[in-house]
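Hello,

Here is the structure we talked about, ready for you to open alongside this note. Could you look through it with the points below at hand?

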Amino acid sequence: AWQDPNKVPIKAFFEPTMKINYMSTLSFDRHPAVRRFWFETLAYWLLRIPDKVDHEPYIFPYLLSGLCDENEEIALEVFWLIERCGELYETEKEEDLRKTKQYGFDYGWTYGGRAFVPFPLQAMWAGGKAVKHVRRTAAMGPDFMGEKDLREHAIRDAGSSGPDFGEEAPLPPRDYSWPELRNLAVFRHLPRPRLGSRCLVRTHTRRYIKATFNDVVDFRDCTALNAGRLLCMSLAYTEEGVTEWLQPMVAALCKFYSGRAWAAGDQQVMRTYDTVCKLLGAYLDPTSYWEQLKDSIGAESPLDLDQRVANVRILALCIEGSMDALRSVDPVDPSLGMGRLEPVIPEVIATMHRSDLLLSPSPECRAALWALLFAFLEPLRAHLSFSQVSQLLFISLALAAKSPGDAVAELAGAGPVEAPKLDEEEIADRGNLERALSCLGADLQQNCSVPKPAAFSLDSLDDDDDFGDGVGDQGDALLPVAVDPRATHLPLFRRAFPEVLAHVDDSFQVFRSVVYLTPLSVLTADDHSDSVIEKLSFFCGGSSSSSTR
């Protein structure tokens with residue numbers, strides 16, 4: 001599997017030579033018993049060979065690949081084999097890790113040891129449905145003043161209530177297993193990897209991770225899948241230490257989501273890389289990945305549209321990962337607010353609000369922007385200001401706007417231009433729009449009352465007097481939902497309409513979406529009717545295309 005690059009056989013200068021990577025062949029052998037014993041052998045070498053330090057960089061990637069074995073029993077055993085190696089690392093490097101343990105140092109994503117990210121066994125978020133998870137004792141600093149009771153002191157990386165990791169998975173009885181590993185305990189409940197395991201993997205990750213980025217963009221699905229799995233396992237152990245390679249990693253992920261690997265539509269490959277992006281968001285400081293991706297949303301981006309859409313998709317998954325880490329804080333702490341997303345979310349909203357991607361978005365771009373919007377809207381709605389809610393309302397209406405009909409060329413001598421035919425459904429992604437509007441107007445609906453639906457008949461105009469007398473809290477006439485279904489979100493539109501209309505600019509499709517969805521009582525209000533008429537006159541002017549007029 002490995003040869004000294006400085007020793008080249010003379011034969012290689014005169015005829016082609018073939019190298020067979022037997023370690024890779026054994027790692028993907030079709031027989032589970034062979035793969036199980038092979039991974040046990042790798043762990044045995046890392047535990048027992050005296051000069052293992054020279055061989056660890058070449059052995060470790062193959063052992064990490066075992067965490068993604070198609071057999072779940074083998075993947076579980078490999079996890080606990082690496083835990084055994086991490087335990088040995090803590091013994092050998094006790095002096096190096098002493099201060100980290102004594103002072104209770106841990107990364108910022110843990111929110112002081114209260115957050116938890118489930119281990120992605122088999123490169124699936126949370127390890128799939130069959131795998132359970134357990135919290136270990138978080139890092140604790142020294143108790144100089146003796147304020148804690150003796151029973152409150154605990155050993156770092158112990159189980160949440162003692163080392164109880166659920167049911168033990170028995171290993172198959174064999175005559176050829178390594179004696180040193182026969183007492184290995186394999187549990188089905190997975191904790192966060194122990195400190196020694198994380199430090200051991202982080203030590204060797206730098207030796208192969210850049211080469212892994214090259215395989216991420218390989219056109220062969222099998223190569224991209226294996227590279228994504230190795231990248232996923234490396235992230236699960238290096239955690240926030242991966243910030244060192246963030247820039248080349250984002251570039252590789254952008255090429256994946258905008259290239260042929262993504263277009264192929266392999267669900268297993270896409271699920272693996274979605275997990276990689278969510279792990280990035282869970283472990284990294286949101287400011288770090290936002291600085292790498294924010295230029296893709298702005299109008300001044302030098303990237304192609306496919307690359308910009310790919311980066312928006314990556315950003316949405318990263319924010320989902322950050323949100324999962326924030327929501328995992330136990331016990332729940334309302335004072336955290338947006339957590340580490342506090343400085344990022346306002347910038348994300350402002351950048352989306354002025355982005356040119358909202359103008360005539362492609363289906364892929366529309367789906368990516370909806371995903372980015374919902375990544376933070378529902379969990380963080382209570383922490384958003386009304387100005388941000390108004391901006392998000394504009395973004396939602398712009399994403400739901402359909403493109404106007406195709407313009408017809410105005411030729412000399414031709415007859416009058418025929419008006420474009422409009423579809424019955426004037427809104428794109430009505431389900432996503434309704435979901436966004438319900439979330440944005442949730443707290444406003446509780447404070448503002450909408451009249452109950454009144455009986456309405458097209459046969460009699462006298463019914464108009466029955467519902468025309470309703471007056472809202474600001475003096476605007478309110479129409480019942482039975483007459484105007486858009487009255488459901490009346491409180492939201494009433495407060496946000498001026499700011500939304502001010503940012504329509506020269507986009508007719510966004511203006512049409514705004515007018516189509518705004519309740520009639522808001523459009524005809526004294527404060528807004530002049531602005532609406534002014535916009536209509538602008539789009540009817542000579543500067544507009546014939547189809548728009």
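Lysine 278 is buried in this predicted model, with a relative accessible area of 14%. Its partner in a salt bridge is aspartate 324, and the closest N and O atoms of the two are 3.3 Å apart. This pair ties together distant parts of the chain, since lysine 278 belongs to helix H11 (residues 267–283) and aspartate 324 to helix H13 (residues 305–327), 46 residues apart.

There are 22 salt bridges in the structure, and two others may be worth a look on your screen. One joins the side chains of lysine 101 and glutamate 90, at 3.3 Å from N to O. Here helix H5 (residues 94–102), which holds lysine 101, is linked to helix H4 (residues 72–92), which holds glutamate 90; the two residues are eleven apart. Glutamate 90 is buried, at 9% relative accessible area, whereas lysine 101 is partly exposed, at 37%.

The other is between arginine 435 and glutamate 378, with 2.8 Å between the closest N and O atoms. Arginine 435 sits in helix H17 (residues 430–440) and glutamate 378 in helix H15 (residues 363–380), 57 residues apart. Both ends are partly exposed: arginine 435 has a relative accessible area of 37%, and glutamate 378 has 36%. You will also find a network of salt bridges that links Asp106, Arg192, Arg198 and Glu239.

Now to the cysteines. How many disulfides does the structure hold? The number is zero. For cysteine 68, the nearest cysteine sulfur belongs to cysteine 232 and lies 6.2 Å away.

You will find serine 197 in helix H6 (residues 195–205), buried with a relative accessible area of 0%. Its side chain makes a polar contact of 3.0 Å with the side chain of glutamate 83. Beyond its neighbours within four places in sequence, serine 197 touches Ile82, Glu83, Gly86 and Tyr237.

Last, the surface. Val8, Ile10, Phe13 and Phe14 make a nonpolar patch of about 510 Å². Valine 8 lies in the segment before helix H1 (22–27) and is partly exposed, at 48% relative accessibility.

Happy to go through any of this with you.

Best wishes

How values were computed:
Residues numbered from 1 in each chain as written. Predicted model: local features only at pLDDT ≥ 70, side-chain atom pairs only at ≥ 80, totals over all residues. Heavy atoms only, no water. Disulfide = S-S within 2.5 Å. Helix = DSSP H or I, 4+ residues; strand = E, 2+ residues; numbered from the N terminus. Buried < 20%, exposed > 50% of the residue type's maximum accessible area, 1.4 Å probe, protein only. Polar contact = N/O pair within 3.5 Å; in protein donor to acceptor, adjacent residues only side chain to side chain. Contact = heavy atoms within 4.5 Å. Patch = residues over 30% accessible without salt bridge, like charges linked within 9 Å, V, L, I, M, F, W, Y side chains within 5 Å. Areas by Shrake-Rupley, 256 points an atom, 1.4 Å probe, with all protein chains shown as cover. Salt bridge = Lys/Arg side-chain N within 4 Å of Asp/Glu carboxyl O.
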